[in-house]
Structure formats: structure tokens, C-alpha cells
Amino acid sequence: MSESLVVCEVDEDLVKKLRDFRFRKETNNAAIIMKIDKDKQLVILEEEHEDISPEDLKNELPERQPRYP
């Protein structure tokens, strides 16, 4: 039996935002939180944070999100 693998696409606006995020000049902590829209099979932007500490970001995430130390 052969099975097909379904892969999500990444939203075009998110790709631009990630490129800008990667090459940003600021030295403060920032984070982009993405989620998968299961119906559209699309990775989309959920939240964006600027000047946030890792501890504050950890507290911002819902319980269902993974938490990395």
C-alpha cells in the first residue's frame, strides 16, 4: 500500500514577515508564533511579540503549546 503525505503550505504574507524578522537590525528579543490552519492546510501567523523576555513569552503561550526552557 502506498500512502500520500500531505504537507502544509506557508502563507505568502508570513513568508515575507519571516524574512524581515530574520534580517531585522534590532537587538531586543522578539518572537513570532505560528499555527496551522487544518482546514486550509496552511501555516499562518498567530501572534507577534517585540521586546519580550523568554519567561514572559513562556507565560503568554497557552497550555497546549510546547514550552522550551
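Analyst: The account below takes the salt bridges in turn and then moves to the sheet and its neighbouring loops.

The model is a predicted one. The count of salt bridges comes to three, the criterion being a side-chain nitrogen of Lys or Arg within 4 Å of a carboxyl oxygen of Asp or Glu. Side chains of opposite charge can pair when their charged atoms come close.

One of these pairs joins Glu48 and Lys17, with an N to O distance of 3.2 Å. Glu48 is partly exposed, at a relative accessible area of 40%. Lys17 is likewise partly exposed, with a value of 31%.

The other salt bridges meet at Arg24. This residue pairs with Glu26, the closest N and O atoms lying 3.5 Å apart. Arg24 has a relative accessibility of 21% and counts as partly exposed; that class begins where the buried class, under 20%, ends. Glu26 is also partly exposed, with a relative accessible area of 48%. Arg24 forms a further salt bridge with Glu50, where the closest N and O atoms are 3.7 Å apart. Since Glu50 sits in strand E3 and Arg24 in the loop between H1 and strand E2 (30–37), the pair ties together parts that are 26 residues apart in sequence. The relative accessible area of Glu50 is 45%, which makes this residue partly exposed. Taken together, Arg24, Glu26 and Glu50 are linked in a network of salt bridges.

E2 and E3 run antiparallel and are joined by eight bridges. Glu50 takes part in this pairing as well, being the bridge partner in E3 of Ala30.

His49 is buried, with a relative accessible area of 11%, whereas Glu48 and Glu50 are partly exposed. The side chain of His49 is joined to that of Glu47 by a polar contact of 2.9 Å. Apart from residues up to four places away in sequence, His49 touches Ala30, Ala31, Ile33, Leu57 and Glu60.

Most residues other than glycine have a negative phi. Gln41, in the loop between E2 and E3, has a positive phi near 50° although it is not glycine. Its relative accessibility of 37% makes Gln41 partly exposed. Asp51, in the loop between E3 and helix H2 (54–60), likewise has a positive phi, of about 50°, without being a glycine. Asp51 is exposed, with a relative accessible area of 59%.

How values were computed:
Residues numbered from 1 in each chain as written. Predicted model: local features only at pLDDT ≥ 70, side-chain atom pairs only at ≥ 80, totals over all residues. Heavy atoms only, no water. Buried < 20%, exposed > 50% of the residue type's maximum accessible area, 1.4 Å probe, protein only. Helix = DSSP H or I, 4+ residues; strand = E, 2+ residues; numbered from the N terminus. Pairing = 2+ DSSP bridges. Polar contact = N/O pair within 3.5 Å; in protein donor to acceptor, adjacent residues only side chain to side chain. Contact = heavy atoms within 4.5 Å.
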